[in-house]
Amino acid sequence: MSEATELLREPWDSFERQRGAGKLGIWVFLSSEVLFFGALVLTYTVCRVDHVDAFAAAGRETNIWYGTINTAVLLTSSLTMAVASQAATSHAAFRRLVLWCLTATAALGLVFLVVKGFEYKEDIDKHLVPGSHFALKQAGAQLFYGLYWLITGVHAIHLTIGIFLVSRLALLGSLRDLQLENSPEIEVTGLYWHLVDVIWIFLYPLIYLPGRAS
């Protein structure tokens, strides 16, 4: 093996170095995601300022129960992911706990998507998809629902990716193809999952609370 190859392999000889490189990479990636969603939220805010009444009327048409249930589901999934990350840095005896929490996290993510699917179906049945058959008369209401479908759709795609990543860790861990103890992959995946959850916490009041204040 050449000396150059040895130098390239050297930084990855320990989990600590892998963890440091992984955390740097994921934080750079998460920063770009924050900028992306921040631009969408800024667009929503500008449109809402220009169409206050229309956004309030459109917000009242959203199903707050679906939104609240999904918020609780994602908050619980953040808890199970955090427990998995913490247990992975502890004694190897916590391996079963790590696997259980990873599986629970992925399952809760799937529950979110199922609930969101029911909500989307209700929106379609109520003709709340922007277009010629849109149920509300205000032009600003169509703008609200255009942003609603865009932002929640992009969030659902990110969550789907997170479910795949977490499920992969659970599968590899159960097959013992991945060392769970002090694994940098679990910590990096956990940071991604928490970002998806935090984004939803910001989206919830923007989507479901307009027009509902007393």
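Colleague: Which helices each supply at least two residues of the nonpolar patch?
Modeller: This is a predicted model. The patch lies on the surface and is formed by Leu79, Val83, Phe94, Leu97 and Trp100. Leu97, for instance, lies in helix 5. The elements that each supply at least two of the patch residues are helix 4 (64–88) and helix 5 (95–125).

Colleague: Is Leu97 buried or exposed, or does it fall in between?
Modeller: A residue counts as buried under 20% relative accessible area and as exposed over 50%. Leu97 has a relative accessible area of 34%, so it is partly exposed.

Colleague: What accessible area do the residues of the nonpolar patch have together?
Modeller: Leu79, Val83, Phe94, Leu97 and Trp100 are taken together as one patch on the surface.

Colleague: How many helices and how many strands does the secondary structure hold?
Modeller: Read along the sequence, the pattern is α-α-α-α-α-α-α. The secondary structure of the chain therefore comes to seven helices and zero strands.

Colleague: What share of the residues in the chain is buried?
Modeller: The chain has 214 residues. A residue counts as buried when its relative accessible area is under 20%. Buried residues make up 41%.

Colleague: What share of the accessible surface belongs to carbon and sulfur atoms?
Modeller: The accessible surface of the chain comes to about 11700 Å². Of this surface, the part that belongs to carbon and sulfur atoms is 68%.

Colleague: Why does the salt bridge of Glu61 and Lys126 tie together parts that are apart in sequence, and how many residues apart are they?
Modeller: The side chains of Glu61 and Lys126 meet in a salt bridge, at 3.8 Å from N to O. Glu61 lies in the loop between helix 3 (52–60) and helix 4, whereas Lys126 lies in the loop between helix 5 and helix 6 (139–174). Glu61 is partly exposed at 29% relative accessible area, and Lys126 is partly exposed at 31%. Because the two residues lie in these two loops, the pair ties together parts whose separation in sequence is 65 residues.

Colleague: What separates Asp125 and Lys121 within helix 5?
Modeller: Asp125 forms a salt bridge with Lys121, and their closest N and O atoms are 3.0 Å apart. The two residues are four residues apart in helix 5, so what separates them is about one helical turn.

Colleague: Which helices hold Glu185 and Arg168?
Modeller: Glu185 and Arg168 form a salt bridge with their closest N and O atoms 2.7 Å apart. The pair ties together parts that are 17 residues apart in sequence. Glu185 is partly exposed at 31% relative accessibility, as is Arg168 at 35%. Glu185 lies in helix 7 (residues 184–208), and Arg168 lies in helix 6.

Colleague: Which backbone oxygen does the side chain of His155 reach?
Modeller: His155 is found in helix 6 and counts as buried at 1% relative accessibility. Beyond residues up to four places away in sequence, His155 touches Phe37, Leu74, Phe112, Val196, Ile199, Trp200 and Leu203. At 3.0 Å, its side chain reaches the backbone oxygen of Val196.

Colleague: What distance separates the C-alpha atoms of His155 and Phe37?
Modeller: Along the chain, His155 and Phe37 are 118 residues apart.

Colleague: What is the relative accessible area of Thr105?
Modeller: Thr105 is found in helix 5. Leaving aside neighbours within four places in sequence, Thr105 is in contact with Ser77, Thr80, Met81, Val166 and Trp193. Thr105 is buried, and its relative accessible area is 0%.

Colleague: Which helices hold Phe55 and Phe144?
Modeller: The structure has 14 aromatic pairs. Phe55 and Phe144 form one that is edge-to-face, at 5.3 Å centre to centre and 90° between the planes. The pair ties together parts 89 residues apart in sequence, because Phe55 lies in helix 3 and Phe144 in helix 6.

Colleague: How many residues apart are Phe112 and Trp200?
Modeller: Phe112 and Trp200 form an edge-to-face aromatic pair, with 5.0 Å centre to centre and 90° between the planes. Both residues are buried. The pair links distant parts of the chain, Phe112 in helix 5 and Trp200 in helix 7, and the separation is 88 residues.

Notes: Residues numbered from 1 in each chain as written. Predicted model: local features only at pLDDT ≥ 70, side-chain atom pairs only at ≥ 80, totals over all residues. Heavy atoms only, no water. Patch = residues over 30% accessible without salt bridge, like charges linked within 9 Å, V, L, I, M, F, W, Y side chains within 5 Å. Areas by Shrake-Rupley, 256 points an atom, 1.4 Å probe, with all protein chains shown as cover. Salt bridge = Lys/Arg side-chain N within 4 Å of Asp/Glu carboxyl O. Buried < 20%, exposed > 50% of the residue type's maximum accessible area, 1.4 Å probe, protein only. Contact = heavy atoms within 4.5 Å. Polar contact = N/O pair within 3.5 Å; in protein donor to acceptor, adjacent residues only side chain to side chain. Phe/Tyr/Trp six-rings, centres within 6.5 Å; stacked < 30°, edge-to-face > 60°.
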